[in-house]
Amino acid sequence: MQSTALRRGDLTPLPLAAYLQEFARAITIEDWQRFEYYARRIHHMEIDYLPETTQFSSGFATAVLERTILPKFQVDGLPPLPIFPKLNSLEFWPRDTTSEMCVCTAVISESPVLDKFAIGIHTAYVIPPSDTWVALFATLGNRGRPLKCLAIQPVVYGLGTVDAIDAKTHSLAQLIVRSKPQELALPSDVIPTRIILNAISYLPTLKKLELGYCQSFTVDYETPVPQNAFSSLECLEGDSAAVRSLLVIPKFPSLTKLVIEDGYSYTVGNGPLSWSFVREMIGVISRSCPALEILHLQTMLYSEEETDISTTGRPATSVFVQLQACPRLKDVRFDFSGTSFDHPGSQEELNISDDQWEQLVVAWPDLKSIWFSAGSSHHYHEGRRDEWAVWAPRPRATLRTTASFFRHCPKLLCFGVSVLARGEEARAAMKDVLPRQEPTRLDFRGSWADKKDAQGIAIFLASLVSHQDSDMKVPQILSYNEVNPERPHTVVEFERRQDWQEIKQLVESTRITRQA
């Protein structure tokens with residue numbers, strides 16, 4: 001039988017269709033009578049209480065609870081046999097009832113080799129009672145077996161203030177200490193709780209920590225992290241406010257992967273995420289994460305009154321240049337889609353120049369992938385992935401930047417930085433960039449090009465996508481009903497996209513000619 005499907009890692013439900021079970025035939029009463037036969041063969045199980053799965057979930061709950069109570073697995077003179085002797089991975093999505101939590105606890109108690117457990121709650125309005133959490137955490141912790149992965153990710157955990165430690169929080173802390181997980185996912189609002197923070201700070205086995213979104217977590221909060229904490233942590237993921245609250249200690253010596261994604265539009269905590277917050281975040285990352293290899297930051301930036309950068313002059317350097325302090329970076333992704341460029345300094349610091357990119361490129365010799373997008377708030381104007389670049393400032397970077405990346409980063413395979421492509425820079429860069437022998441991916445969907453230099457641009461780019469499996473993405477052409485002469489920006493955007501379509505055709509013909 002096939003159980004329900006969930007997306008790994010962030011405990012986010014898949015679309016509704018993914019929850020429907022598929023069986024080779026209809027389930028019969030005889031199948032439930034042979035429940036123990038099937039149960040002994042299960043290695044991974046996902047249980048989701050949705051209306052579409054109610055019938056199956058109810059039958060499953062009855063079978064588990066019956067066999068927990070009745071001596072179906074009793075052998076004379078021996079301890080009861082476990083119902084799920086091979087189950088090593090369990091994901092559970094109850095709705096709001098005590099009985100559903102009891103079923104989860106029963107499954108855990110009957111799974112002696114379980115080493116991966118994840119639980120999420122469908123609704124933020126009704127949370128299972130505290131005693132059911134305590135029973136579940138105690139059952140997991142009393143098994144005497146460490147967990148590779150532990151994910152406790154309700155929509156709202158409901159801990160209250162930092163000092164309001166209730167029974168379930170205390171039980172969760174005990175579970176973390178006893179189970180010694182290598183990977184741990186928690187709601188953000190439990191992190192400031194001292195008992196939880198103490199449990200995870202010096203956990204020697206902890207390699208990955210994922211912090212779920214919490215609307216009550218403010219952007220200016222600094223978690224009281226003790227010195228020398230998280231010395232073994234290699235991966236940290238979560239929303240910007242939660243991650244920023246932890247990056248207050250001087251160093252994360254082992255951290256190689258940092259992923260920051262704000263999944264709730266532009267709101268973080270109790271207000272918009274301003275450019276000043278991101279500026280501070282980049283500075284903290286540069287100081288705290290010297291071993292970083294993967295850095296992803298995805299968020300919206302909204303306007304805020306700021307006075308620390310003059311609106312009349314450019315800053316001396318971009319805040320991103322500080323990332324020279326992370327020389328091991330291999331995969332860098334900044335996605336500021338939906339950004340407002342009204343606040344002072346944003347157009348300059350987000351719009352990185354050739355010279356500023358050069359400083360970073362020289363510091364990242366092992367780079368394999370770069371993506372930098374700072375699209376306007378009209379990024380999804382027509383429901384497409386392509387940027388409406390007409391709403392954002394013209395890129396200060398040119399094809400000099402493209403050439404610099406491929407000259408100084410011999411392992412680079414993916415390039416996605418918006419540029420202003422001109423033949424002048426293309427001709428100058430030709431002597432420094434050799435044709436690539438590996439498949440490469442170029443993304444110019446947010447870029448501009450000088451149409452009169454299309455041939456020279458195409459010749460340069462063809463050398464970067466000379467491999468037959470290489471790919472170059474350009475903005476899709478607009479349909480005529482999307483272009484309105486009375487709205488000049490639509491005409492400009494239409495011409496920009498048409499220019500890139502022409503360049504791509506020239507690139508493909510140049511590549512075919514070279515191969516021939």
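A residue counts as buried when its relative accessible area is under 20%. Keep that cut-off handy for the exercises below, which work through a predicted model.

**Exercise 1. Get your bearings: how many helices and strands does the protein have, and what share of its residues count as buried?**

Solution. Start with the secondary structure: there are 15 helices and 18 strands. Next comes burial. The protein has 516 residues, and 51% of them count as buried. Finally, look at contacts with a separation of 6 or more: 78% of these are between residues 24 or more positions apart.

**Exercise 2. Is F444 buried or exposed, and which ring does F444 stack with?**

Solution. Step one is accessibility. F444 has 0% relative accessibility, so it counts as buried. Step two is the partner. F444 forms a stacked aromatic pair with W500, with 5.0 Å from centre to centre and 10° between the planes. Step three is where the two sit: F444 is in the loop between strand 16 and strand 17, while W500 is in helix 15 (residues 488–515), so the pair ties together parts that are 56 residues apart in sequence. W500 also counts as buried, because its relative accessibility is 0%.

**Exercise 3. What kind of aromatic pair do F35 and F84 make?**

Solution. A pair of rings is described by the distance of the centres and the angle of the planes. The structure holds 19 aromatic pairs. For F35 and F84, the centres are 6.1 Å apart and the planes are at 90°, so this pair is edge-to-face. The two come from distant parts of the chain, 49 residues apart: F35 is in helix 2 (residues 35–39) and F84 is in the loop between helix 3 (54–69) and strand 2 (89–93). F35 is buried, with a relative accessible area of 6%, and F84 is buried too, at 0%.

While you're in this part of the chain, take a look at R34, which lies over the face of Y37 at 4.3 Å from the ring centre.

**Exercise 4. What span should helix 4 have, and how does helix 4 pack with helix 5?**

Solution. Helix 4 (residues 98–109) has twelve residues, so at 1.5 Å a residue it should span 16 Å; its end C-alpha atoms are 17 Å apart, which agrees. Its buried residues are E100, M101, V103, C104, T105, A106, V107 and I108. Now bring in helix 5 (residues 130–141): the two axes are 9 Å apart, at an angle of about 10°. That makes helix 4 roughly parallel to helix 5. To see who meets whom, pick out T98, M101, C104, T105, I108 and S109 in helix 4, facing T132, W133, A135, L136, T139 and L140 in helix 5.

**Exercise 5. What covers the buried residues of helix 6, and how do helix 6 and helix 7 cross?**

Solution. Begin with helix 6 itself: 13 residues, reaching 18 Å from its first C-alpha to its last, close to the 18 Å expected. Its buried residues are K168, T169, S171, L172, A173, L175, I176 and S179. Their cover includes helix 5, strand 4 (149–153), strand 5 (183–187) and helix 7.

Next, the crossing. The axes of helix 6 (residues 167–179) and helix 7 (residues 194–201) come within 9 Å and cross at roughly 5°. Helix 6 is therefore roughly parallel to helix 7. On the helix 6 side, the contact is made by T169, H170, L172, A173, I176 and V177; helix 7 brings I195, I196, A199 and I200. Last, step past the end of helix 6 to K180, whose phi is positive, near 50°.

Conventions. Residues are numbered from 1 along each chain as its sequence is written. This is a predicted model: local features need pLDDT of at least 70, side-chain atom pairs count only at pLDDT 80 or more; totals for chains, interfaces and linings use all residues. Side-chain values use heavy atoms; hydrogens and water are left out. Rings of Phe, Tyr and Trp (its six-membered ring) pair if their centres lie within 6.5 Å; planes under 30 degrees apart count as stacked, over 60 as edge-to-face and the rest as tilted. Helices (H or I, at least four residues) and strands (E, at least two) are DSSP runs, numbered from the N terminus. Buried means under 20% relative accessible area, exposed over 50%, partly exposed in between (1.4 Å probe, protein chains only). A charge sits over a ring if NZ of Lys or CZ of Arg is within 6 Å of the ring centre and within 35 degrees of the ring normal. The expected span of a helix is 1.5 Å times one less than its number of residues. Axes are lines fitted to C-alpha atoms, for helices over the stretch in contact, and angles run from 0 to 180 degrees between N-to-C directions. Angles under 35 degrees count as roughly parallel, over 145 as roughly antiparallel, 65 to 115 as roughly perpendicular and the rest as oblique. Contact means heavy atoms within 4.5 Å.
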